[in-house]
Amino acid sequence: MRVRAFLRGLIPFLLIIVLSLPILVGYLWILISTFAQRTYGLLPMDADGRLGGITLKNWVLLFQDPRIWTLTLNTLFLALGLTLGVLLVSSLAAYPLSRIKFPGRKGFLSLTLILHAFPSVTLLIAIFFVLRWIAKIPILGKGIPLIGGFGYNTIGGVTLVSIALQLPLGIWLMKGFFDTISWDIERAALIDGCSRFRTWRQILLPQIKPGLAALGIFSFIQGWSSFLIPYTFIVESRSAVISTYLNFLTSENRPINYGLVAALGLYQLLPILIFYVFTQKYLLQIFSGGMKGGA
Amino acid sequence: MKVELANLSKKFGNVTAVDDVNLDIRDGEFVAFLGPSGCGKTTTLLMIAGIYRPSAGDIFFDGARVNELQPKDRDIGMVFQSYALYPHMSVFQNMVFSLILKKRPKQELQREAQRVAKMLGIVELLERRPGQLSGGQQQRVALARALIKQPRLLLFDEPLSNLDARLRVSMRGEIKKLQGDLGITSIYVTHDQIEAMTMADRIAVIKDGRLQAYLQPEELHDRPRTLFIAQFIGNPPMNIFTVELKSAEGGLWTELGGGVALAIPAERRPRDGKKTVKMGIRPQDIHASASGDIGAEVSLVEPMGRDDLVFCKVGGMDIQFLEDPALKLKRGASVRLSFDMGKSQFFDPQTERSLLWE
Amino acid sequence: MHASNSQKAAPGSSVEALARRKGSLAWFWFLLPSAFLAIVFFFLPVLITLVISLTNMTTATGLSGWTWLGTGNYRKILANPDTVKYLWATTRYVVFTLLFNVVMGLVISLITTHMPQRSGLLFRAIWLLPRITPPVVYILMWKIIAANLPYGILNQLIVKPLGLATMNWIPEAAFLFVVLVNGLVGASFGMIIFTSAIESIPKDIMISSLVDGASVLQRIRYIILPQLRWPLLFVTTYQTLSLLTSYEYILILTDGNFNTEVWALWAFHQALSNYWGNFQYGMGAALAAILVVIGVGMAVVYLRYFRFGELVQEPKIDQL
């Protein structure tokens, strides 16, 4: 009787393991492949086709490539820029949408939702034109050292676009967090003599630190993984960000060094996995919160 | 500082929360806004604070119209029901925040914080965070925060509701004493009539957004202007019955039903000459006495310590009265009741206004 | 009780009026950055898309040598024999991936809520991995799964042992892989929403139904599924819109080859990565414009229907 119950309890486990195989296999492969000269299926092989071939050579090759540092820096700039940009602009915008009575508030809120549900990828063609136009602006367009500027073919421009497209989700989430703050605290601050801005900065933001952290981590991961926007808006996309370089390595009609490619992939995955393991609760909050409003 | 409310109203959409309220508060007076939940008393308070904008009417501080004045410029201190302390700041920082915003020098912050902390007995709490304090301590900090500005007006929004009964009683006394010593005009919102009765110089009774009466506690208790006030004020609540008035033997009598009639003293005669009225009599004005006019059967006895609250039925009506526990009244016992008609109240059944007092 | 004072003007009333106006404009400054970005990257682009779609702009004509075509591009699209092909590819893609998303999302949420909580959390975490994996890395995993010998996992572990012909499966079954790749990512959306709906069913009802004699499967059918009607509708309509306009994974996996070029990818290719370098801006914009109009329309309808406006609460502090 107990054996039957036990076996019955196993069914969900068996089912889901079978269904999850592609994911598990994929991850397993990346892990193994970064440390193997080659892999036949999931088995590490050496150069002569025999089992074994465990090596760190892939990682050595990866870090010897001078491109890795530019790529990492660009990707980091994008990730951090996206994070800071989204956090700042969203939390600024979400405050009046949540807490201040102003004319047109309802309209703004509906607009935020519509933009949220609207598929922004359809606008990439037009954004191409916008970025080219921004590139014409003196200094800001193309003249800023290191990042190039905010126009077409610059990492700054890519970051700007990414921030903008992430805003509807960010604003909607931040508004949700602001909604949870008690009104009495804000009233007390106003009576004490705080301006709206100071109330926002010194009183309200500290109350939603977990929300800020969650959105921040989510945005960082988005930026770090970003592919389509850097690919579209940087001409030499192979040297733009990690994603685009990886795409370049795996899409040409030439022999692919899977070990090296897997190493680069794992290199990109690592920060994300670390965040995922330690802050999963926050991330899940973002995914659910964002999805109720549509993500 | 004097405060004056003139035709003050507030609407939220189609709902009228505050309806044409007029009252004046003298300098140094302690006024209570009393009423059931949702009656508009907190809304009125928040309009005085400048958090809500009046839909109609005006608010005057010392004769100056302040409707458009920002809360921070009104020179007020406010204590919230939820304390509303800033959780991420220490007690000290919470207290001096308003002074920091006024850009006061550091020494002044220290000095003032010490002064007020001593006044409220929270000196040793200055470095703690609100989360580490008990409810009573948080309440004191909230009070300290309001007082440190030396405001012209103190606003209280049910500050003691979240405290346990014992603490509430002691804090009541402290707040009243403090207010008396400092002489700051104060408005205290509460739904607890005991609080209002014990603390306030005058009580504004509010129901459904309208001001029912604005009088001293004694006046409201002994001479309630409306049925609502009569039942709301006083604990245990007043007994109310519908009775017939009969003229007989040169006097006015009430018919309680069951053939019992009580004589109404001349000074308690209801005006307007109505036949059917609502009569009210407080539990403490009914006594069990062998010579009583009315027979009743005890249905329940609630010991309240100093008194017993006795529930009984008289000819179909439910009556409560307070009696000496020494009488050891028990359920099922028959008693005779005597009513102190000199304390009776009469109300118009339709308008619910008092037929004795204006 | 009535004190009727004549209205006295507050001292310095003009100062007060100014302060009031300043205070009540704070919201404007808060909204400015996002309003600016929204105009530049949403509203302007919508306009630009519509306008350019009416021209014959390409890299050849540049920004000065183009002419108005009116509905020219649109007529070209209608006349193009490939249009039906792309329409068909898009429809297939949306329908089958949607099916996979919804069914899998449902299945996963049902399975993981019928096991010990921590295991459920673990497996849902695993199913969230495709969504958080960088797209290129994620597709790399799939490429290796489908690759030919000696590297390909599918070939090594299943096809060869079964004695069947081995090959690179992506060209062979491109559409299947497109659905799987997008589906594994998309399923987690439904998974999260359905799980949250299932978990909000009161425990008492879940237990009492079993006590009443229902089997687990019957409980799923009669108690759980009815609770999922609204979430199912929500997930279906939401993902339909997002699938109609998504193309990133297809771009990386097949770049539209092997009959996987969906409408959105076609637009992208036309305008931004045409093979011979003569980017067809006008044409691409026309293709995109159609999606934009559908997108806006669906977003508005969808919002109205799901009444998200109810999540709006009135502020409890007035502007004086």
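Select helix α4 (residues 82-112) of chain C together with helix α9 (residues 174-199) of chain C, whose axes come within 6 Å and cross at roughly 40°; α4(C) and α9(C) are therefore oblique to each other, a class left over once angles under 35 degrees are called roughly parallel, over 145 roughly antiparallel and 65 to 115 roughly perpendicular. The axes are lines fitted to C-alpha atoms, for helices over the stretch in contact, and the angles run from 0 to 180 degrees between N-to-C directions. Viewed for its hand, the crossing of α4(C) and α9(C) is right-handed, that is, the near helix is turned clockwise from the far one by less than a right angle. The residues of this contact comprise 15 nonpolar, 10 polar and one charged, where Ala, Val, Leu, Ile, Met, Phe, Trp, Tyr, Cys and Pro count as nonpolar, Asp, Glu, Lys and Arg as charged, and the others, Gly among them, as polar.

This is a predicted model, in which local features need pLDDT of at least 70 and side-chain atom pairs count only at pLDDT 80 or more, while totals for chains, interfaces and linings use all residues. Residues are numbered from 1 along each chain as its sequence is written, and chains are lettered from A and ligands numbered from 1 in the order in which they are written.

Next, display chain B, which has eight helices and 20 strands, these being DSSP runs numbered from the N terminus (H or I, at least four residues, for helices; E, at least two, for strands). Its C-alpha atoms fill a box of roughly 80 × 45 × 35 Å along the principal axes.

Within chain B, select strand β16 (residues 294-303), which pairs in the antiparallel sense with strand β19 (residues 334-339) over four bridges, pairing requiring at least two bridges found by DSSP. Along that pairing, B:I294 stands opposite B:L337. Six bridges also join β16(B) to strand β17 (residues 308-314) of chain B, again antiparallel, and there B:E302 stands opposite B:L309. Follow the hairpin that β16(B) and β17(B) form through the four residues between them, and pick out B:G305 in the turn, with a positive phi of about 95°.

Finally, centre on B:I319 in strand β18 (residues 317-323) of chain B. Beyond its neighbours within four places in sequence, B:I319 is in contact with B:N239, B:I286, B:A296, B:C312 and B:V314, a contact being two C-beta atoms within 7 Å.
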